[in-house]
Amino acid sequence: MRSELVVLGGGPGGYAAAFLAADLGIQVTLVNAESRLGGVCLLRGCIPSKALLHVAKVMSEARELAAWGIEFPPPSINLDALRAAKNGVIETLTGGLDQLAKRRNVQVLHARGRFTGSQELRLEPLGGQAGQADQLSFEHCILAVGSSPVIPPPLRIDSRRVTDSTGALELNDIPERLLVVGGGYIGLEMGSVYAELGTRVTVVELTDGLLPGVDRDLVRPLAARLAKRFDRILLNTKVGKLAERGNLIEATLESPGGEATQETFDRVLVAVGRRPNSAGLGLETTQAKIDARGFVVVDQKQRTADPHLLAIGDVAGEPMLAHKATHEGKVAVEGLSGGPAEFDARAIPAVVFTDPEIAWAGLTEADAKRGGRHITVARYPWAANGRAQSLHRTDGLTKLLIESGTDRVLGAGIVGSGAGDMIAEVVLAIEMGCTVRDLTESIHPHPTLGETIPAAGEVHLGLATEIYRPKRKPATA
Ligand code: NAD
């Protein structure tokens with residue numbers, strides 16, 4: 001078999017690349033090592049977790065209506081129906097991808113591809129399927145094989161009670177006590193789901209705060225809310241070992257002083273990071289280079305060191321986020337079809353879909369400090385926003401990072417209900433090189449949470465009317 005372009009991997013990077021290539025008249029084969037398209041994001045990541053987080057949010061909002069005089073009886077949970085509803089979302093979307101591939105004449109092969117040279121893949125049938133391996137040759141191949149959860153050896157035990165995010169999303173049961181190892185994206189999102197379903201959740205985080213690396217101003221309101229939702233949040237604590245004890249898992253919790261204590265849980269979710277899927281692909285038979293962390297090295301056009309290979313998404317570097325993969329896929333294909341596209345983003349937004357959500361884009365205060373950049377930070381507390389008050393969700397904050405001298409918006413961080421949807425406006429502002437005045441002079445609808453973005457700009461300009469932060473008068477002699 002031969003194809004002009006092979007895309008290896010059917011996630012949001014891979015299918016976007018394959019579909020765009022087909023639309024641009026390139027003959028494409030999409031090789032996917034699973035029976036369905038969609039990748040981790042659609043099949044066992046972003047989409048199913050968001051479906052469950054939606055349910056969790058509605059449940060907590062219903063409970064919180066008690067403060068408004070509306071009380072519901074405690075919810076009864078039909079886990080089979082909930083699981084079916086979540087799986088239904090996946091089926092709808094993956095079915096849509098099959099249709100889109102068909103309409104574009106993208107050939108989809110469900111097989112595991114392994115390079116046997118720079119222009120050749122050996123296609124091995126998926127587990128359990130009979131059949132001989134085929135060879136597929138190509139002019140170019142876009143590698144979009146994603147990443148997998150890391151489970152460090154001391155936590156890797158053969159027990160169905162210890163899972164990664166995939167297992168947690170299967171929703172097999174609602175455990176009484178769940179240990180979440182890692183207070184990062186996955187730990188907090190999935191911990192929130194199980195806590196709302198009635199599980200007593202303990203989160204153990206190695207560093208001194210949840211979501212290490214994320215702006216503390218943004219983490220604070222989330223940590224305060226989670227402290228009420230979770231049984232315990234143990235910081236500066238390492239889960240050093242797991243062992244099965246009858247129907248329970250015994251975890252060894254190590255404090256910085258070196259003391260170790262043992263505690264038992266019904267289930268354990270290990271969410272301590274992901275690693276790129278660059279091993280075992282036969283990449284050593286090509287000229288592509290892999291860095292010390294396992295990422296395939298690419299240039300701004302997503303080209304590897306091998307003239308026939310490009311790489312996109314999680315396997316091609318941080319941040320490991322679906323929207324970065326999709327964007328890179330489009331850059332790779334436009335480059336292949338002779339376009340001038342390069343990956344040159346000023347802002348890649350990141351969202352933690354907890355309640356409240358945390359979203360940020362562009363420069364962070366830590367980046368500014370590291371790079372010695374002169375910025376001012378404007379903060380707008382949501383308590384001053386009418387919509388936040390009417391939603392009873394004043395635990396939000398919108399902040400802008402503004403370049404001194406030019407007043408250009410370089411970064412933004414938002415914590416609050418719906419922050420993930422709001423951040424897109426600031427991404428556009430950063431990409432367009434907008435100044436604070438561009439934001440404040442664009443009329444925003446009232447009453448909305450989106451008003452907090454220009455309002456933060458007004459704080460910077462000393463023009464905020466809904467809070468008292470007048471611009472200081474210049475000192476007189
Ligand atoms: P993460 O890197 O976000 O968090 C892992 C956490 O585990 C860190 O805080 C780390 O300090 C801690 N840790 C490591 N070893 C530990 C130990 N032995 N004991 C206790 N704590 C330990 O990783 P993740 O949550 O697994 O997510 C992986 C990646 O998946 C993310 O970086 C992100 O790229 C992606 N993701 C994104 C989203 C989203 O966009 N909303 C959601 C889920 C996952």
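This is a predicted model: local features need pLDDT of at least 70, side-chain atom pairs count only at pLDDT 80 or more; totals for chains, interfaces and linings use all residues.
Local features are kept at pLDDT of at least 70 and side-chain atom pairs only at pLDDT 80 or more, while totals for chains, interfaces and linings use all residues. Residues are numbered from 1 along each chain as its sequence is written, and side-chain values use heavy atoms, with hydrogens and water left out.

Start with the charged pairs. Taking a salt bridge as a side-chain nitrogen of Lys or Arg within 4 Å of a carboxyl oxygen of Asp or Glu, the count is 34. One of them joins Lys57 to Glu61, with the closest N and O atoms 3.5 Å apart. Both residues sit in helix H3 (residues 46-64), four residues apart, or about one turn of the helix. Helices (H or I, at least four residues) and strands (E, at least two) are DSSP runs, numbered from the N terminus. Lys57 is partly exposed at 24% relative accessible area, and Glu61 is partly exposed at 35%; here buried means under 20%, exposed over 50%, and partly exposed in between (1.4 Å probe, protein chains only).

Glu318 and Arg293 also pair up, at 2.8 Å from N to O. Glu318 lies in the loop between strand S16 (309-311) and helix H8 (322-336), and Arg293 in the loop between strand S15 (274-276) and S16, so the pair ties together parts 25 residues apart in sequence. Glu318 is partly exposed at 46%, whereas Arg293 is exposed at 54%.

A further bridge, at 3.6 Å, connects Glu365 and Arg379. It links distant parts of the chain, with Glu365 in helix H9 (residues 365-371) and Arg379 in strand S19 (residues 375-381), 14 residues apart. Glu365 and Arg379 also belong to a salt-bridge network with Asp215, Asp217, Arg220 and Lys399.

Now for the ligand. Its shell (residues with a heavy atom within 4 Å of it) holds 22 residues, the closest being Ile186, Glu205, Gly273, Met320 and Val351. By class, 13 are nonpolar, five polar and four charged; Ala, Val, Leu, Ile, Met, Phe, Trp, Tyr, Cys and Pro count as nonpolar, Asp, Glu, Lys and Arg as charged, and the others, Gly among them, as polar. Helix H6 (185-197) and strand S11 (238-245) each supply at least two shell residues, and H6 gives the largest share, three.

As for individual atoms, a ligand nitrogen is 2.9 Å from a side-chain N or O atom of Glu189.

Technical notes: A polar contact is a pair of N or O atoms within 3.5 Å; within protein, one must be able to donate a hydrogen and the other to accept it, and residues adjacent in sequence count only if both atoms are side-chain atoms.
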